[in-house]
Every structure is written in structure tokens, then in C-alpha cells.
Amino acid sequence: MSRKILILPGDGIGPEITAEAVKILKACQQQGLDIELEDALVGGAGFDAEGDPLPKATLEKAKAADAILLGAVGGPKWDGLEDIQKRPEKGLLGLRKHLGLFANLRPALLYPQLAEASSLKPEVVAGLDIMILRELTGGIYFGQPRGIEERDGQRVGFNTYVYSEGEIERIGRAAFEMARKRGRKLCSVDKANVLEVTMLWREVMNRLAPEYPDVELSHMYVDNAAMQLVRAPKQFDVMVTGNMFGDILSDAAAMLTGSIGMLPSASLNERNQGMYEPCHGSAPDIAGQGVANPLATILSVAMMLRYSLDEPALAERIETAVGRVLDDNLRTADIAYPGTREVSTQEMGDAVLAAFNHA
Ligand code: IPM
Ligand code: MG
């Protein structure tokens, strides 16, 4: 049966980078992968066209899709919108919530060819291979009550950081399973010295641990984890944490690999339906210039093939093609350094396509 892939280019550099990733999806189609591609509007693009960052038609298509490829959402054009429900980011958060995409996989993998592009010393990052599991449908991003209101003559803003045992257990199990498939080390990140919600988080992780005796579980406070990521990142294999800490730590981990422009992600629900997107944002400062790095989006397609479409051979072929292009010294501006050849978004996409087709 043909599987449905929904393409959501979004805003900023989103359309440019998804166009390159779609070329690779079409090449997979030519190799016999039975997929149907559709697209729809999300984020600021959805707001401009329909007055809603997550138009109904988009949500319906998303629910019906086996997998979604999303570029990026947001930009200064919409930052002034008073109604937070209309902000482009709500399109993304709404998709995560409506589809129940609770497990966000953010791998920080250093391509050896990019060790020089990292802001850390090559020996600190050489061989780096971390997988961050970020809980994506709960925590302070979604907790109620939330808002801005007047109290005692001044405005106060408030959010609620809340996790149920069930939510913690679900992401915890996904993390233990992931560690099992990798280096069997799991570090759970919390702030259990201050926040009750993460005391419960730690308790639940400890409760699960005996079921996974082959995985070594450790705990770390989030401030220390941020420091350890830039001090000695290779100590980590799998990290698991809540929505907000995961947002922050995954950006830090991304930079270890040379550029956030290299990092793909997968967001999965219990049925392995998934949304795939680069970890970086819409980069409005470089949108429309043809200089954005499409590799994170192309690598997100590889993750889609692996996690939602069960096509590991095609996934590997894409990853190998990316490696080959880097071997050939091609670099978009974000990962270029003296001695490499700087190319445009489209040239990079075409080079990966050629390497994929010749594999
Ligand atoms: C991310 C982004 C989003 C988040 C924004 C755009 C809402 O930073 O996917 O990491 O905070 O989750
Ligand atoms: Mg983020």
C-alpha cells in the first residue's frame, strides 16, 4: 500500500530546504519506494493564507499521513502578533499535540569531516554520537494554567511545569529502548534539587531501571548537563529529559557537531507515525538567499525512512550520500572553512542527489 507523506515547508528558509529534501524523496520513489507526496501550509504561511498557523485542512492531512516532513516555522513578520494562538510556533506545537508526538529524537552526530567546523577542539568532539530524547507533548510548554493577568495592580506571567507519571514512564521507556539499541547508557536530566515535578521524573526513571538491567542509568541536573555537554560531551550516549530542558540542551548539542544546520530530528507517537524536521529554525536572516544548509532536512528524510517507513537501507544510502558530499569538500556557508568549497542550498541538494543516485 502506498504511504502518504505530507510536506510542510513553513516559513523562512523552510521552503528552500524542504525543496532539496523532496528531491531525495522523489529519488527514493524512483527506486521503487511506494509513497504519495502532498503538501500543505503551516506556521506564518498558514496564518497569512487562512488566518490560522495550523489550518484545519493541514491538520486533517497530517492526521492521515504516515509521515510528515516539516521545514521550519516563524519569523519577525509574525512576532508582533498579540494573540499567542496565532503565532507560527502554535502550528508546530499544535501538530505535536494533536498527533501525540511525545518522543522527540535529536541525534547529535559529528561527521568526521566537520570536526574543524565545531567551536570546540576537534579532540573533544571527534567521534561524538549522542541521542537526546526530548519529551515533546507535555511539561511547561503545555501545562495549565498559563497566561498573563493582572494581580495586585501589576501584570504577572505564569506557566505550569507539570508531568504525570504516565507521561514520564512513556518517554522513559522509549529512552531505555533507545539506549538498548545503542551504547546502553542513559542519562536522565532533571532539576530534582529544586522542582517537585522533576523529583517525580527521577523517581519514575529509577522505578523503570530494574526492567532494563542491561542499561546503565544515571541522573544529572540540567545546569550540570549543559556544562558537561560543552566540557566532555563524549561521556553521553542517550540523554532523556522534559520538553523545555530538551529544547535547550539539544541546541547546545547541535552546535558541538559544527552547525545546527546538520541536525535532523524525529517526533514519534505510539504508532510510530512521525513528524521529521531539522532542529534549526526558520533563519529569517538568510531566508530566500539560497545559502541555507539543507542537510539537516535531508537527514530528516533518512530518519523518516528508518523510523516511520521501515526502509533502513534507503536511510543508510542517504546518510552515506551526505558523507560523500562532505568528503568532496562541499560546504554551505554555515560549515565552510578555508580549504572547502562553499556551495548554495541547491548545489548542496543536487550533490547529495547525485551521490545518492550513484550509490
Ligand atoms: C524546536 C523549536 C520549537 C520548540 C519552537 C519553534 C516552538 O525551538 O523545535 O526546538 O521550542 O520546541
Ligand atoms: Mg528549539
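Predicted model: local features only at pLDDT ≥ 70, side-chain atom pairs only at ≥ 80, totals over all residues.
Local features here need pLDDT of at least 70, side-chain atom pairs count only at pLDDT 80 or more, and totals for linings use all residues. Residues are numbered from 1 along each chain as its sequence is written, ligands are numbered from 1 in the order in which they are written, and side-chain values use heavy atoms, without hydrogens and water.

Let's start with the ligand. Around ligand 1 we find E89, L92, R96, R106, R134, Y141 and D247, each with a heavy atom within 4 Å of the ligand. Five of these residues are charged, two are nonpolar and none is polar; Tyr and Leu count as nonpolar, Asp, Glu and Arg as charged. Helix α5 (residues 88-99; a DSSP run of H or I, at least four residues) gives the most to this shell, with three residues.

| Side chain | Distance to a ligand 1 oxygen |
|---|---|
| R106 | 2.8 Å |
| R134 | 2.8 Å |
| Y141 | 2.5 Å |

The protein covers 77% of the 320 Å² of accessible area that ligand 1 has on its own (Shrake-Rupley method, 1.4 Å probe).

Now for the surroundings. Ligand 1 sits in the largest pocket, as more than half of its atoms lie within 2 Å of the pocket's grid points. A pocket is an open set of points on a 1 Å grid over the protein atoms alone, where a 1.4 Å probe fits, with protein on both sides within 12 Å along at least five of seven lines; lining residues have an atom within 4 Å of a point. Its lining has 24 residues, with V73, E89, L92, R96 and Y141 nearest the centre, and α5 again gives the most, with five residues.

Conventions: Polar contact = N/O pair within 3.5 Å; in protein donor to acceptor, adjacent residues only side chain to side chain. Helix = DSSP H or I, 4+ residues; strand = E, 2+ residues; numbered from the N terminus.
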